[in-house]
Structures are given as structure tokens and as C-alpha cells.
Amino acid sequence: MGSVELKQLKKDFSGVTVLQNIDLDIKEGEFFALLGPSGCGKTTTMRCIAGFETATSGTIEIGGKDVAKLSPNARNCGMVFQSYALFPHMNVFDNVAYSLNIKELKKNNLFKKFGVYTRMLNSKLVKYPKEIKEKVNNILEYVELSDHAYKLTSELSGGQQQRVALARALVMEPEVLLMDEPLSNLDLKLRHTMRNTIRRIQQELKITTIFVTHDQEEAMSMADRIAVMKDGEILQVGTPTDLYSNPKTPFIADFVGTSNIIPGTVVARENGLTTVRIGEQQMIKSATQTEQDDVKAIIRPENLTVIGEENESFDNTFEGEILFATYLGSTVRYDIEVEGHKLVVDTTYESGNQIRQEGSKIKLGVLPERVLLI
Amino acid sequence: MRGLINKINGLGFVKFLIYGFFILFLIIPLLSVFLVSFTNEPINLFGSLVSVDQFQRTVEQFKNATLENYKSIFSYGHYFTGLKNSLYLSFIVSILVLLLCMPIAYGIARTKMPFKKTISALCTIPLIFPTFISAYAFIIMFGRAGWVTYIYQQLGGEGMLIDPYSMTGIALVQVFFFFPYALWPMVAAFKVSDVSLEEASRNMGSKGWLTFSTVTFPLALPGMLSTALVIFAVSFSDFGTPIILAPSDLNLIVVDAYREIAGFFNWGSAAILTVIMIAVAGFVYWLQNFLLKGRNYDTLSGKPKQVKLNENKALTVPLSIFSWFVVIIPLLTLATVFVQSIAKTWGLEPLPTGYTLDHYRTIFSSSLGNIQNSLLLAGGALVLSVVVASFVSYFVVRHRSTGLDFMTTVPLIVPGIAFGIALIQTFNTAPLHLTGTAFILIVAYSIRRLPYMVRSTVGTMRAIKQDIEEAAINLGASTLTAAITIIGPLMLPGIAAGSVLVFITVIKETSISVLMAPPDWAPMSLAIFQNVLRAEYYSAAAMSVILVAMVLVLQGLASLLSNRNKT
């Protein structure tokens with residue numbers, strides 16, 4: 001097990017820069033997610049760590065050792081591919097045993113080498129030694145695939161194939177486990193189960209894991225820390241709660257969860273509150289201190305409260321018109337127009353409540369502590 | 001420096017070797033035959049590299065280079081007539097094949113004609129024959145003492161129904177034995193041409209014949225023209241038929257080229273004829289690609305649509321009868337060769353006077369060597385092309401090597417006789433004196449048939465995703481180990497399919513064998529050819545039956561293999 005450190009990593013593909021100034025410090029045993037829209041460079045970063053791409057400049061250290069000169073087959077990074085990349089001509093057992101065969105191949109003399117090669121081409125001809133058998137059976141039991149060991153991988157369901165890929169990577173006891181969008185080929189229900197499975201295995205084995213995804217929900221629910229990437233750069237690194245409550249840029253605010261982003265100008269700073277003009281008359285007060293004058297106010301949909309007949313007192317109130325109402329089960333989402341700004345509000349839905357009419361007026365309030373200025 | 005050495009790893013070295021192979025045995029021979037067409041005498045390019053004397057001599061030869069040959073082609077009637085006759089022959093053959101195939105292809109693709117399955121199966125028979133065997137079988141059938149001639153005369157005809165030793169004879173053999181090359185692409189064209197368009201036409205009130213002539217036929221037309229060009233090229237480079245059937249007063253360019261080299265060692269003329277043959281074949285190939293540009297039938301066949309098959313008896317019965325007439329002729333040819341092989345004597349009678357297995361006994365006592373040679377040579381060519389094709393497809397698919405892709409299409413264009421002449425010319429003297437060895441023969445066979453192999457292996461290689469290979473490397477395997485344990489086994493079906501094809505075509509190969517095989521390495525095709533020339537028809541027939549049987553067994557094996565892969 002080891003830490004992973006990237007320093008000033010840069011990657012060009014025939015003159016086009018796809019990665020620049022990537023600095024990451026991933027701790028031992030950490031579950032780390034690389035999150036970003038497609039084409040942001042997250043997969044390239046992972047492929048640089050695995051050694052399938054050579055960085056144009058910068059260093060990569062795994063467990064404190066510089067691996068830049070190591071070929072991909074010497075880096076000991078277990079990788080789970082997006083397509084799983086299982087060997088279609090081998091059964092589950094042979095797939096999982098592949099890396100153990102390779103290790104066997106490296107330490108033996110020519111005669112034994114021939115035997116191992118034969119076993120890799122047809123495992124019926126040369127028997128596996130006891131240690132390999134034990135190891136493979138253990139890991140298969142761990143991912144609950146013992147009953148399927150001698151099936152071809154094409155006979156398995158998507159979730160089972162995923163677990164074979166995981167077992168195949170884990171059995172080599174890698175320093176880091178790399179996972180490239182491992183859940184994207186599964187249906188929604190299975191994806192939720194696999195999230196828990198992967199998280200459980202990671203916690204039990206305490207294995208450093210880097211996980212590439214474009215799905216913020218996936219990243220938030222599984223990772224210890226997340227790096228948000230865009231256009232080949234890292235925008236912010238932090239824990240899920242950190243990213244959600246303190247996004248550094250409007251992009252992150254919108255990409256990690258949903259946000260109302262309202263541009264405006266600072267008109268006053270007093271009593272620890274910053275007042276921002278966002279419309280002709282409409283002002284908004286925020287607890288954020290800033291020296292900029294042109295700012296964007298970020299408000300999460302669930303932090304906006306619908307003010308009813310009862311007199312709740314808010315520093316910030318808006319009046320607007322409901323454009324859409326979307327019923328989502330436990331919540332109702334309203335799209336509201338306030339002085340030319342479109343806002344999204346989430347309200348909890350309790351059975352028996354009426355959903356407000358589209359086109360009707362609505363009054364909203366938000367605490368200054370819940371308004372973030374960027 | 002160390003970086004450079006690191007870059008030239010094992011795989012890079014293999015790529016270098018393969019380029020070397022193609023340059024040495026394909027590019028340089030073609031180049032030097034082109035040069036000889038100017039210098040009029042053999043040049044020694046390899047010798048010029050190792051010896052100063054030779055180099056000066058070669059320079060001297062270039063100084064004396066002229067355009068005389070090119071002028072004489074167009075002024076001196078002989079070769080010009082040869083070219084004209086060959087083009088005329090190929091043109092007639094491709095038109096006839098097109099007309100012959102259109103009804104059969106339509107019948108197979110779009111109707112429920114009676115005996116459709118049997119007819120489809122019989123349509124593959126012509127492909128198992130080397131053309132010179134079918135040519136000489138035509139002599140047994142239509143010749144002066146042939147049984148067809150006998151029946152024709154009994155019915156009151158004068159002389160022969162068709163003189164096999166004529167342009168007509170050659171054209172007929174080629175038509176009846178090359179038509180399957182056009183049939184299957186045409187069936188495919190009829191099957192994929194968009195059925196919904198036809199339905200639209202019918203929906204607008206158009207009926208049967210009108211729909212066929214205004215929608216179905218125009219849609220299938222580009223496909224048909226390109227198949228006609230395939231036939232043109234096959235007929236133009238066919239050597240087996242004309243060498244047996246062309247009478248002495250009929251010049252054809254392939255035969256001329258063969259005679260110039262095998263009879264007179266006239267390098268200049270052979271070279272110019274070779275250049276012309278390659279130019280014509282190259283032009284036809286270019287034209288064909290030009291026609292097919294932007295039309296990809298494969299993408300259409302991805303979603304097979306249910307076609308309503310025509311059941312109208314008034315159409316299907318005549319179609320079936322016509323198809324039977326076409327397939328029965330190769331079948332009769334096969335039967336004739338077989339009867340001849342077990343006949344005591346056969347001539348001027350409808351049936352032989354008696355039957356015997358003596359001819360087979362003779363073969364197995366005296367000509368076993370030829371069978372053995374055929375197997376060894378085909379086996380050698382097979383191994384060589386498997387190795388080369390596997391690596392070529394790896395480089396073409398993974399490294400997008402357009403250079404190698406191009407090199408493997410060149411042999412498709414070069415007619416066998418032309419390639420043979422180029423090789424003989426280049427490797428005729430020291431330092432690389434290879435002409436007359438089994439080695440150069442194997443190299444020639446495998447290069448000539450490499451396109452088939454590469455097409456098959458590139459297909460399978462494309463189906464193997466890059467990340468499967470990466471997964472193996474990620475698990476600790478070296479590139480070579482990954483190639484052996486993962487890529488190799490996954491490519492096996494493609495290699496097997498290509499191998500059978502290479503083996504069959506090498507056993508059937510005529511032009512290269514006749515031109516290049518040394519006496520102690522004579523394969524079956526050469527032995528049959530010589531027997532026919534010596535008019536030893538009975539042993540030729542017996543040997544032909546053995547050859548055809550071998551091809552049939554191999555083809556059965558191939559379809560067995562491909563069926564097993566499908567399930």
C-alpha cells in the first residue's frame with residue numbers, strides 16, 4: 001500500500017495540452033475521486049499513473065518512489081477498466097490468476113516458465129500450485145463469486161463481471177487500486193449496490209484507491225476526498241462536505257450539487273454582512289467577506305425557504321413567480337423567476353400538502369450564512 | 001543514446017524486419033523489372049550494392065536506357081495485338097459473367113426459387129478448380145474426340161460445337177469458372193439494397209418489373225460494376241486457361257510474357273509486358289475503389305431487414321432452370337475429369353471402353369513426390385504468411401501503419417506471371433541467387449496470398465479491444481507475454497480461417513509454379529500442367545482429382561472451423 005504524489009504533471013498530445021500543473025497528494029489508504037466532465041483529463045491523469053501514458057513533464061511517486069521510468073507492467077497498480085477488459089477466452093478463475101501466473105513466470109527457470117505459459121494458454125494442461133489456488137479462491141469468496149469460478153466471463157451478469165475485474169486487480173496486492181468509471185456500465189440499482197461493495201472492500205483492505213468518475217453523486221457518496229477537474233486542470237481538492245459548502249468557483253458550485261448562481265455588485269459592507277445588488281431593487285445580504293466588487297452569489301436550492309402566512313423573519317427575502325413545479329417524491333422543486341433571475345428551490349413534501357400552482361406568486365427567504373459570494 | 005536504444009524494442013525490431021521483407025521481395029523486384037523495361041537487359045540491383053564493378057556496369061546500363069521498348073509496343077504489331085486481345089477477352093468475360101450472374105443473384109437473394117440451397121452450394125464448385133484443369137477438361141469435353149462433340153455429331157452437327165482452342169473457348173472457360181467471384185458480392189448487393197425504398201416505390205403504386213428496373217436495379221448497379229471489374233482483373237491476369245487453350249495465332253499478353261521469359265529469356269520484352277500488365281491491373285483496381293468510394297455495404301448489413309421473398313412461380317421456375325444450366329457445366333467438367341481418371345481409354349465414344357485404377361496407381365508410385373512438394377510448399381507459405389500477417393495486422397490496427405497496409409494490397413494488383421517475372425529477374429544472380437530454390441518459391445506464394453491472410457487477421461485484430469491488452473500489461477505482463485497469452489489465442493480464429501484459404505490457393509496456384517518451380521520441387525499443379533502439355537491426359541486427370549479432393553477436404557475443414565466459432 002502506498003501514497004501517490006503527482007507534482008507539476010503536464011501532458012501534451014501532439015501539441016495540444018490536455019493536462020497542466022496537476023499537483024495531487026493522495027494519502028495511504030485514502031479513497032480518492034477524480035471528478036469532472038468528459039474530456040477534463042481525469043482518465044488521462046489515471047493513465048499517467050498506471051503508465052499507459054507518459055507525462056510530458058512532472059513527477060509521479062508511488063509509495064515515495066519515482067515511477068516515471070518504470071514501464072506499466074512494473075508499477076504494481078491494479079486497474080479496473082471501464083469496460084472491465086476481462087480476457088474473453090479465459091474463465092473467471094484464470095482471469096483472476098493471471099497476475100499470479102505472471103509473477104510465477106518471472107521467478108522461475110526456463111523449463112518451469114514453459115509450464116506456466118502452457119497453463120496460461122490452457123489451464124487444463126498444467127495444474128495451479130496450491131498457493132495460487134488458495135489466493136484466487138480467497139479473493140473470489142471475498143467478492144462472492146466462488147460459485148462462478150469456472151464460468152466464462154461472458155456467462156456472467158454485469159455486476160459479476162465488475163467483481164471479477166475487481167478481484168483480478170486486488171489479487172496482485174497492488175500499491176494503488178485505479179478504477180476508471182467502474183460503475184458506468186451498470187444499471188441504476190446495481191450501481192447503488194456496487195458503490196457499497198466497493199466502499200466496503202476499500203475500507204476493509206485499507207487500500208489506496210483512485211477512482212475516476214463524471215458522476216458527482218458517486219464521488220460524494222464514496223470518496224474520502226475529491227479533486228474536481230476541468231479542461232486539464234485541478235480546480236479544487238477537498239472532502240465532499242467541504243466541496244459542497246465551500247465551492248471555490250461557480251463551476252464547482254454547479255457541478256457538485258445544484259446551485260443558484262446570481263451575478264451582482266457589492267454596494268455595502270457593514271456589521272460583518274456584505275450587501276449585493278442583484279436587480280434594480282433587489283438586494284441580497286451575505287455573511288461572506290470579499291474584497292471584489294463584481295461577485296456571484298451562490299445559494300443551494302434547499303437553503304431557500306418558502307415564506308408562508310406565518311411571520312418568519314429573514315434578512316433576505318425575494319418575491320417571484322413560479323414557472324414550473326416538479327414533483328420528485330420526497331421533495332418538490334420549483335423553478336422561480338425573481339427580477340429576471342431564475343432560481344431553483346427545493347421544498348420537502350409532506351403528504352396532504354398542496355403543490356403550488358404554476359404562475360402563482362411566491363415569497364422566499366434565505367439566511368445570510370447560507371449565501372456564498374465568489 | 002540510451003533513449004534511442006530503448007525506443008528500438010523487440011516489437012520495433014520486428015516491424016523493421018517486416019518492412020525489410022516487403023522491400024526485398026516485393027518492392028525491389030517490381031522496381032527492377034520497371035527499370036529493365038528501359039535498359040532492355042537484366043540489371044542487378046543487389047550486386048550493385050556489394051560490388052563496385054557491378055555498380056559501374058549498372059550505371060552503364062542506365063546510360064544506354066531507351067524508350068525503344070515502349071515505342072515498339074505500339075508500332076510493332078505483335079505485343080500490341082496481345083494487349084488488345086487480352087483486354088477484349090477480359091471485357092467480354094466480365095460482361096458475360098455480369099449477365100449470367102444477375103438472374104442467379106436475384107434468384108438467391110430475393111426469391112424462393114426451387115432448389116435454391118442446392119444451386120447455392122453448386123455455385124462454389126468452380127472455385128475448387130485451378131483454371132488450367134478446367135481448361136483441359138473443356139478439351140476432353142468439346143475437343144475433336146470429346147463426348148460433347150460426339151453427341152453433337154450424333155444429333156447431326158458438323159465438326160465441333162465449340163472449338164476449345166479459340167478465343168470463344170477461353171472466354172467460356174473463364175465465364176463458367178470465374179462467375180462465383182461475382183455472384184456472392186452481387187447476392188450481397190441485392191440483399192442490402194434498401195428494401196424500404198422498394199416498399200416505398202410499391203406503396204406509390206409501382207409494380208413488380210417497374211420497381212425492379214427503377215429502384216432495385218439502380219441501387220445494385222455500383223456494386224455490380226465493381227464486381228464486373230473484379231472479373232475483369234481476374235480474367236486479365238488468369239494464366240491457366242490461355243496457356244492451355246490459346247492457339248498459336250492468338251496472342252494474349254500473359255502467354256506472350258510467359259513465352260518471352262521461359263522460351264527466349266528475352267528480358268526486355270518480358271519486362272515491358274510485365275509493366276503493362278501491372279499498369280492495367282492497377283488501373284482496374286483504382287477504378288473499382290473509385291466506384292465503391294463512400295458506399296459501405298457493411299454498415300447497412302448491420303441490421304438485417306426482413307425481405308419478402310418473391311414466390312411468383314412464373315418468375316422463379318425459369319430462374320431456377322437458368323441457374324441449373326449455369327451450374328451444371330462446372331459439375332459436368334468435374335465429372336468428366338473424374339471419369340477420365342478411371343478410364344482405360346476414352347475417345348470418340350460417349351463413354352470409356354473400360355475402367356481402371358491404374359492411373360492412380362501410377363500417381364502413387366511415381367508422382368508421390370509432387371503431392372509431397374505441394375504440401376511442403378503450401379505449408380511453408382502458410383507458416384510464413386501466418387507470421388507476417390499476424391504482425392502486419394498488429395501494426396496496421398494498433399500503430400495505424402499505412403505503409404504496411406499499402407504493401408499488403410500491392411500483391412492483389414500484380415498478376416502472378418508479372419510477379420514471377422519480377423522475382424526471377426531480381427534474384428537471378430549473385431549475391432542473392434535465389435531463383436530455382438524452394439525458398440523463393442515459398443516467399444512468392446506467401447506474398448501473393450498474403451492479402452487474404454491479412455484481411456482475415458486484421459478483422460479479428462480489430463475486434464480485440466486495446467484495453468484487453470492494457471489489462472494484461474497492467475497485471476504485470478510484458479508486451480510479448482501479453483501477445484502470446486492474450487492476443488494470440490484471441491486471434492486464432494482469424495488466423496485459422498486465413499490459413500485454410502492460403503493453403504488452398506497455394507495448392508491451386510499455377511502461374512508462379514509453372515514459372516518458378518525447380519524440377520526437384522515441382523508441385524502437383526506443375527506436374528498436371530506438364531502432363532497436359534505432354535498430352536498424358538489420364539494421369540493428369542487422376543492427379544487433378546486428388547488435388548480437387550484435397551481442396552474439398554480443406555474447405556470442409558474451414559467451414560467446420562467457422563461454424564464452431566459462430567456458436
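In chain A of this predicted model, strand 16 (residues 316–327) and strand 19 (residues 361–366) run antiparallel and are joined by 6 bridges; strands are DSSP runs of E of at least two residues, numbered from the N terminus, and two strands pair if DSSP finds at least two bridges between them. Within this pairing, E321(A) stands opposite K361(A) of strand 19. An open sheet of 5 strands, with antiparallel pairing, has the order 15-19-16-17-18. Strand 15 (305–306) and strand 18 (341–348) are at the edges; each has a single partner strand, so one side of each is left without a neighbour in the sheet.

Residues 4–256 of chain A carry the UniProt feature "domain: ABC transporter", from an unreviewed entry; such annotations may be inferred rather than shown by experiment. This span is 40% helix (DSSP H or I, at least four residues) and 24% strand, and its end C-alpha atoms lie 24 Å apart.

E30(A) lies in the loop between strand 2 (16–26) and strand 3 (31–35) of chain A. With a relative accessible area of 8%, E30(A) is buried (under 20%, 1.4 Å probe, protein chains only). Beyond residues up to four places away in sequence, E30(A) touches D25(A), Q202(A), I207(A), T208(A), T209(A), D224(A) and R225(A) (heavy atoms within 4.5 Å).

Chain B has an average pLDDT of 84, and 90% of its residues score at least 70; pLDDT is the predictor's confidence in each residue, from 0 to 100. Where pLDDT is low, the predicted coordinates should not be read in detail.

Residues are numbered from 1 along each chain as its sequence is written, and chains are lettered from A in the order in which they are written. Local features need pLDDT of at least 70, and side-chain values use heavy atoms, without hydrogens and water.

How values were computed: This is a predicted model: local features need pLDDT of at least 70, side-chain atom pairs count only at pLDDT 80 or more; totals for chains, interfaces and linings use all residues. Buried means under 20% relative accessible area, exposed over 50%, partly exposed in between (1.4 Å probe, protein chains only).
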